[in-house]
Structures are given as C-alpha cells and as structure tokens.
Amino acid sequence: MKKRELEKTIHSDLSRDDDYTGYLHLDQLLSAQVPLSDPPHHDEMLFIIQHQVAELWIKLVIHEIGGAIRFMREDRLPEAVKNLARVRQIQSQLYNQWQVLDTLTPSEYVEFRHVFGKASGFQSAQYRILEFALGNKSRRMMPYYEHQPEWFARLEDALNSPSLYDEFLMLLARRGMPIPKRAINRDFSQQREDDDEVVAVLRSIYEDRSNNWARYETCEALMDIANNFQFWRFHHMKTVERIIGHKPGSGGSSGVAFLKKALEFTFFPELLRVRTEIGTDA
C-alpha cells in the first residue's frame, strides 16, 4: 500500500490556543453530551447529539436572518437574498437529520425517555426566537421563559422587533411601492392580518418581474423558507409518531396532536394568497 507522506510545511508546533481543537472549543463542545441513564443507554447519545446539532443549525439560521434583515434595512436586496439562500440550505440539513433519529425504535426510546423528565423541544428559546423572526409572534409564550432572564430578554427583543417579512414590506415602501402605512407602522409584537393592498403590491411584482427582479426573487426566497419550515415540522411530527405513537409529549403537550396543530400556521400568508390571484382578472 502506498504511504502518504506529510508535507514538511504542515505546522506541528501548536499550542491549544491556536490549534483546531482550541479554535472550535472542542474540549467544551465534545464534553457536552452527558447521558443521564445509568448505566448509559447506547441510544441516548444519538438523542442528545440530534438535538444539540439542531440547536447549532437554528443558531446559524437566526444569524443569517439577522444578516438578511440588516441588508434589507440598507436597501441591499441581492445581499439579503444571498443570506436567505444559505438559510434554505441549512433548513435542508435540519430536515435531513430527522432520518438519523428515525432509526431510533420505540422499544429503545422508552428505555431512557424517563431520564430527561419534563424537557421538551417546545421549550427551545432559539426555536421561539426563530419563529418570532419569521413573524409568528405570540406574547403568550413569554411566561415559559421567565426563569431564564438572558433568553427572556432576547425573546422580548425578537417579539417587539420587525420580522423578516416586516422588513421586506418596509423596504418596498421606501422604494415607492404603495404599501399601506397600517402594514408597517404598527405594534410588531402582534401578528398582522392579511391586507388586500399588500397582496396587490405583491401581485404587481409577480406580474412585472423584469422591472422587479430583486423583489420577485426575494418573494420566492421567502416562500422557500416558509415551505421548508413546514416540511421540517411535518417530518418532526412523523418522527415523533413513529417513535412514541400518540402518547403525550414529555413537556406536557398532547404529543402528535400538538405538533399537527403547528402545521396549520403558515408564514407569509400574503405570498400564498397572491398565487391564487395571479392570472385572474384584476
């Protein structure tokens, strides 16, 4: 077998402060998987890593949406769309990793489910921040995080700030499109109702793509993100159904029935409405 010789220029005189392990804080990261079952159940490691990796990807999605918002505030739509394209790819990773958890069988899961008590993905503060950033605002969720002051402050900020879609509407208004003031001068902690005038503006973008290409591209990027979120939710629900059937969820929810209700909410509903109206008489 042919041996591979290491190049002489490769650094070997590294301290923990400037090597790969130090840069990524791998000592801290790889010691964060602590099974509670005793003796440790083989499959609990899968369950922990699955959820930790999801939280890391969600952190990056929030980061990229924040970047897109900053670009929109600067009227730089192409750069914002680049961020949103990355979000779509991250969502694919989140969706596909359910296939790994799908390998966990009901009999395996029940052997360690009791060890994490009331812990549930429903309690993820990052997931809630992401939903707020995409427009699914709900002050009713805030009391669940009052015992975590730092997360509560971040959630409060996300609740009261314009969502990604709000920022897009404000950009359209700045560029002279007839977005009604009621759609953008409002209490951002509240969800907006569909607005016929906003739908009319979106329709004008779709029906004149050549003069509105960046805006049209942004609309489609937003729809991709909305659809991917629904795909992710659906696979989550089916994975839970596959593993625990219709037992109650660990956090006190009804389980699968609770997750099905989440599928009823659609991000950016005006972008769905415009699809019905395109090609019909004005």
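Which residues in H9 meet which residues in H11? Hi everyone, let's start there. This is a predicted model, so please keep that in mind as we go. On the H9 side we have Tyr165, Phe168, Leu169 and Leu172, and they meet Val198, Val201, Leu202 and Ile205 in H11. By class, the residues of this contact are 8 nonpolar, with no polar and no charged ones.

Now the geometry. Two packed helices are described by the angle between their axes and the distance between the axes. For H9, residues 164-174, and H11, residues 196-207, the angle is about 70° and the axes are 12 Å apart. Angles of 65 to 115 degrees count as roughly perpendicular, and H9 and H11 are therefore roughly perpendicular to each other.

Let me set that beside another pair. Helix H4, residues 77-96, and helix H12, residues 213-244, have axes that come within 10 Å and cross at roughly 15°. That makes H4 roughly parallel to H12. Their crossing is left-handed, and the contact has 13 nonpolar, 4 polar and 4 charged residues.

On to the empty space, which I know some of you like. Rolling a probe the size of a water molecule over the atoms shows where empty space is left. How many cavities of 30 Å³ or more are there? The count comes to 2.

The largest cavity holds about 80 Å³ of space. Its lining is Ile58, Val61, Gln91, Leu94, Tyr127, Leu130, Asn228, Phe229 and Trp232. The classes here are 7 nonpolar, 2 polar and no charged.

The second largest cavity has a volume of about 40 Å³. Around it sit Pro106, Tyr109, Val110, Arg113, Ile243, Ile244 and Lys247. Helix H6, residues 106-109, and H12 are the elements that give two or more residues to this lining. Its residues divide into 5 nonpolar, no polar and 2 charged.

Last stop, a pocket. The second largest pocket contains about 330 Å³ of space and has 13 lining residues, with Gly66, Ile69, Ala133, Asp157 and Ala158 nearest its centre. Which helix supplies the largest share of that lining? H3 does, with 6 residues. Helix H3 (44-73), helix H7 (125-133) and helix H8 (149-160) each supply at least two. The lining splits into 7 nonpolar, 2 polar and 4 charged residues.

Definitions and conventions. Residues are numbered from 1 along each chain as its sequence is written. This is a predicted model: local features need pLDDT of at least 70, side-chain atom pairs count only at pLDDT 80 or more; totals for chains, interfaces and linings use all residues. Side-chain values use heavy atoms; hydrogens and water are left out. Axes are lines fitted to C-alpha atoms, for helices over the stretch in contact, and angles run from 0 to 180 degrees between N-to-C directions. Helices (H or I, at least four residues) and strands (E, at least two) are DSSP runs, numbered from the N terminus. Angles under 35 degrees count as roughly parallel, over 145 as roughly antiparallel, 65 to 115 as roughly perpendicular and the rest as oblique. Contact means heavy atoms within 4.5 Å. Ala, Val, Leu, Ile, Met, Phe, Trp, Tyr, Cys and Pro count as nonpolar, Asp, Glu, Lys and Arg as charged, and the others, Gly among them, as polar. On a 1 Å grid over the protein atoms alone, a cavity is a set of points where a 1.4 Å probe fits but cannot get out, and a pocket is an open set with protein on both sides within 12 Å along at least five of seven lines; lining residues have an atom within 4 Å of a point. Grid points are joined across faces, edges and corners, and a volume is the space filled by probe spheres set on the points. A crossing is left-handed if the near helix is turned anticlockwise from the far one by less than a right angle, and right-handed if clockwise.
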